[in-house]
There are 2 protein chains.
Amino acid sequence: MSKFRIGIDLYGGDNAPDSVIKGAIFAVENKFVKDSTIVLVGDKKDIIDTEKYKQIEFMDAENLIKNSTKPTEALKLKNSSIYIGCEALKNKKLDAFVSAGNTGALLAAGTFVSGRLKGIKRPALALALPGKQNKPRILVDAGANAEVKPEHFKDFALEGIAYAKFMGISNPRVGILNIGTEEEKGSALVKEAANILKSEKKINYVGFIEAREIFDVNFDVLLTDGFTGNNVLKTIEGTAYYILGELKDSIKKGGLFTKLGALLLKSSLYSLKSKIDYRQYGGTFFLGVNGILVKAHGSSDAEAIGNAIYVAYRALDQKLIDNIEVNEGV
Amino acid sequence: MSKFRIGIDLYGGDNAPDSVIKGAIFAVENKFVKDSTIVLVGDKKDIIDTEKYKQIEFMDAENLIKNSTKPTEALKLKNSSIYIGCEALKNKKLDAFVSAGNTGALLAAGTFVSGRLKGIKRPALALALPGKQNKPRILVDAGANAEVKPEHFKDFALEGIAYAKFMGISNPRVGILNIGTEEEKGSALVKEAANILKSEKKINYVGFIEAREIFDVNFDVLLTDGFTGNNVLKTIEGTAYYILGELKDSIKKGGLFTKLGALLLKSSLYSLKSKIDYRQYGGTFFLGVNGILVKAHGSSDAEAIGNAIYVAYRALDQKLIDNIEVNEGV
């Protein structure tokens, strides 16, 4: 009997359904899901040899959600792959659901169709970033909630702590992103949030963290509202690509020796690129909802989809969600 | 007769007063201020040979503001170099004032002692960042106002446009930082701000900009609240240092050929470092107040102080402030 049932949105992502089909096969062939079943949520045409890949099944759903579909519209498209996948999480027909599709639609369906965990008001996007000394750090909220209240930071903390434990960090240190480390600095929102976290004995709150320390090792979980978090995340991405692009330009314009230097440094530059590409790292969860919901990047190729399936499997195997509930139930 | 009187806070910065004294001399020796006078705001001990450097004068003030001094406290320290410098702006005893000191104290004194320009409710920190194709871009607010209202984005736009023109950009394109480019994305704040800017015929508003485009060439002025802006700015800094640090580590751990490669690429890496170091670039103004107020980085050395004095001179010479008032006066 299969241990877990991991759903994947057949229609999610720029390269879907091709990337999703190949990604599922990639996951099976690389033994990413062991004793579990991968369920392709979409139209079950003869797209996969399910005789050969016995771990792959289908769940009927239609391709209805575009990138331009608004979250509120998505909630009306009950036959869409995203709706069906999130509903199956709620009904326990799936243990996890992975989608590289429309983020807003997925967050809306996760919240309103899958439903929230007991005691959690605000599910949030939680994401692992690489850091100095190869230590991971969790950013919550990375973009689900554009407007938040101070008390939501407690939910974000519980979600981030559970993710950090999943990444092997015991007793994770929790900080709040702010424009200064002194107590009187920043917005009313973060000051009130800090007071709430200070009074929670189960949360190892370490204070305000400035964005220039975002890759430092003095914290494990960084909390912020979804507007700031998403901007910070995209700033990291924009800065990394800008720096690598400028370096490439400078090498292109350089003489023979510069080009030789670049050639000799090629493997260092390549490992650097993969290191700062957080998409390859950890995974992005929508935490606080019923079931494991993984957001894969829109531009995911087959390997990235395979990795997202693997992330979902590991989260189930290590009971990531129980960690949120246990923390909360006091 | 001297054209402009440019004040510099003798006690501002980690390396003050030494860096400030040497910075003033650096500016004079490099002819940064031509026909103008540099006024050291602080105690006039025999620290400079004013016979030799006739362009340098003193204005009496005391060293009272520490990094830990709160803005509200700073406003009571009327003999401090920051208070005296900002007061001199208001009384036209100085045309510009430069400080590498306590940012919060400087912003408070700028707003409440120097006073605001007519029609401007919210002065803001405006900063030039480098970008692709060597094109500058202006970020407003980079950290002065942690909480803002939609209508303050108009002030930020006027301030940013004036700075962009000072950087040689005609008809600057103004965008608002948001977590998506679609009109329905983001917080209520940015959506309302967008509606206000759309109705301003004198503002060339081009829509929402995502942070991953922050170095792209599709806009010239990027508006955001001071909380987000400061976090974005420090994220750029943190990411740049992280990437360069990881590259350095990887070279250190590499073999002989890797080290040779790094040696051959040295000038490219060096030019990259200076390119992404925004502290060397443009300058940071507190715009919207009476007079040119330049914030130099706390860790400024003599050369950085000299450059900040030069930035103040150019802003006066090119009438940066008139651009804000002319824009506003309709």
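These questions and answers walk through a predicted model, from its two chains down to single residues.

Reader: Which residue of chain A has the C-alpha nearest the axis?
Author: The axis relates chain A to chain B by a turn of 180°. In chain A, the nearest C-alpha lies 1.8 Å from that axis. The residue is A:Gly261.

Reader: What separation do the centres of domain 1 and domain 2 of chain A have?
Author: Domain 1 of chain A covers 1–120 + 288–319. Domain 2 of chain A covers 122–283. Taken over C-alpha atoms, their centres are separated by 26 Å.

Reader: Which element gives the most to the side of domain 1 that touches domain 2 in chain A?
Author: The contact takes 15 residues from domain 1 of chain A and ten residues from domain 2 of chain A. On the side of domain 1, helix 4 (103–114), strand 11 (292–295) and helix 10 (302–317) give two or more residues. The one that gives the most has four residues there. That element is helix 10 of chain A.

Reader: Are the faces of strand 7 of chain A covered or open?
Author: Strand 7 spans residues 174–177. A:Val174 and A:Ile176 are buried on one side. A:Gly175 and A:Leu177 are buried on the other. Both faces are covered.

Reader: Which residue of strand 9 of chain A stands opposite A:Gly175?
Author: Strand 7 of chain A pairs in the parallel sense with strand 8 (residues 205–209) over four bridges. In strand 8 of chain A, A:Ile209 stands opposite A:Leu177. Strand 7 also runs parallel to strand 9 (residues 221–223) of chain A, joined by three bridges. There, A:Gly175 stands opposite A:Leu222.

Reader: Is the β-α-β unit of strand 7, helix 6 and strand 8 of chain A left-handed or right-handed?
Author: Strand 7 and strand 8 of chain A run parallel. Helix 6 (residues 188–198) is the helix of the unit. The unit is right-handed.

Reader: What is the bridge partner of A:Phe285 in strand 11 of chain A?
Author: Strand 10 (residues 284–287) of chain A has both faces covered, with A:Phe285 among its buried residues. Strand 5 (residues 124–129) of chain A runs antiparallel to strand 10, with four bridges. Strand 10 and strand 11 of chain A also pair in the antiparallel sense, over two bridges. In strand 11, the partner of A:Phe285 is A:Val294.

Reader: Which glycine in the turn between strand 10 and strand 11 of chain A has a positive phi?
Author: The two strands form a hairpin with four residues between them. The phi in question is about 110°. The glycine is A:Gly288.

Reader: How many of the ten residues of helix 3 of chain A are buried?
Author: Helix 3 spans residues 81–90 and is mostly covered. Its buried residues include A:Ile82, A:Tyr83 and A:Leu89. The count of buried residues is eight.

Reader: Why does A:Lys31 count as exposed?
Author: A:Lys31 lies in the loop between helix 1 (18–29) and strand 2 (37–41) of chain A. Phi of A:Lys31 is positive, near 55°. A:Lys31 counts as exposed because its C-beta neighbours inside 10 Å number 9.

Conventions: Residues numbered from 1 in each chain as written. Chains lettered and ligands numbered in written order. Predicted model: local features only at pLDDT ≥ 70, side-chain atom pairs only at ≥ 80, totals over all residues. Least-squares fit on C-alpha atoms with pLDDT ≥ 70 in both. Buried ≥ 20, exposed ≤ 12 C-beta atoms within 10 Å, placed from the backbone. Pairing = 2+ DSSP bridges. Right-handed = clockwise from strand over helix to strand, strands pointing away. Domains from an automatic or database assignment. Contact = placed C-beta atoms within 7 Å.
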